[in-house]
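Subject: Structure for you to look at

Hi,

Here is the structure I promised to pass on, with the sequence alongside. Please open it in your viewer, and then read my notes below.

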Amino acid sequence: MTDGSHATDGQPRCRINDSDVALEADEPLLFTLRNRLGLTAVRFGCGLEQCGACMVLIDGEARHSCALPASALDGRTVVTPEAIAGDPIGAALLSAFELEQAGQCGYCLAGIMMSAFALLTREINPSRARIIEVLDGHLCRCGAHIPILRAVERAAGMLGKPGA
Ligand code: FES
Ligand code: FES
């Protein structure tokens, strides 16, 4: 999908949560989101694409934002955790994580939800093995893995029920 804004003056531009944003040339996307746009649900963990705390959707794919330079984003569409609540999949995930009391400190959860969101967008009833595969790159220092897995399964179940 390439329906984002494009540079006309050499400065990269993209769509972030339905806003047209001019990007600083080599600034990693994570810093643009947190420091310039105030979108602080996306977290800084390692800065090395190793923990998943900074996950966002780029053209619908879950991607790390901590080391991704703006120059790679011209014309693309970025969705942050702030924007998923109004979507049925995002709403189901938020509800399921709360119902399962998934997570302790919560630092990892926004990134995990973005990967789960991308998964549930494509697969309506993923197996636990598939969920583990998709979330494999996410670190949770609190060790809340099991309730997190249950929450993603619960969200899938909620989405599969008519009228849920
Ligand atoms: S902060 Fe981006 S993967 Fe850790
Ligand atoms: S809930 Fe604390 S890092 Fe995952």
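Searching the whole structure, which is a predicted model, turns up 1 aromatic pair. The partners are F31 and F44, and their rings are stacked, with 6.2 Å from centre to centre and 25° between the planes. Planes under 30 degrees apart count as stacked, so the 25° angle puts F31 and F44 in that class.

Where do the two rings sit? F31 belongs to helix 1 (residues 29-36), while F44 is in the loop between helix 1 and strand 3 (55-58). The pair therefore ties together parts that are 13 residues apart in sequence.

Helix 3 (residues 109-122) packs with helix 4 (residues 128-135) at an angle of about 130°, and their axes are 10 Å apart. Helix 3 and helix 4 are therefore oblique to each other, and their crossing is right-handed.

Which residues make this contact? From helix 3 come I112, S115, A116 and L119, which meet R130, I131, V134 and L135 of helix 4. Sorted by class, the contact of helix 3 with helix 4 has 6 nonpolar residues, 1 polar and 1 charged.

If you colour the F31 and F44 pair and the contact of helix 3 with helix 4, you can follow these notes on screen.

Best wishes

How values were computed:
Residues are numbered from 1 along each chain as its sequence is written. Chains are lettered from A and ligands numbered from 1 in the order in which they are written. This is a predicted model: local features need pLDDT of at least 70, side-chain atom pairs count only at pLDDT 80 or more; totals for chains, interfaces and linings use all residues. Side-chain values use heavy atoms; hydrogens and water are left out. Axes are lines fitted to C-alpha atoms, for helices over the stretch in contact, and angles run from 0 to 180 degrees between N-to-C directions. Helices (H or I, at least four residues) and strands (E, at least two) are DSSP runs, numbered from the N terminus. Angles under 35 degrees count as roughly parallel, over 145 as roughly antiparallel, 65 to 115 as roughly perpendicular and the rest as oblique. A crossing is left-handed if the near helix is turned anticlockwise from the far one by less than a right angle, and right-handed if clockwise. Contact means heavy atoms within 4.5 Å. Ala, Val, Leu, Ile, Met, Phe, Trp, Tyr, Cys and Pro count as nonpolar, Asp, Glu, Lys and Arg as charged, and the others, Gly among them, as polar. Rings of Phe, Tyr and Trp (its six-membered ring) pair if their centres lie within 6.5 Å; planes under 30 degrees apart count as stacked, over 60 as edge-to-face and the rest as tilted.
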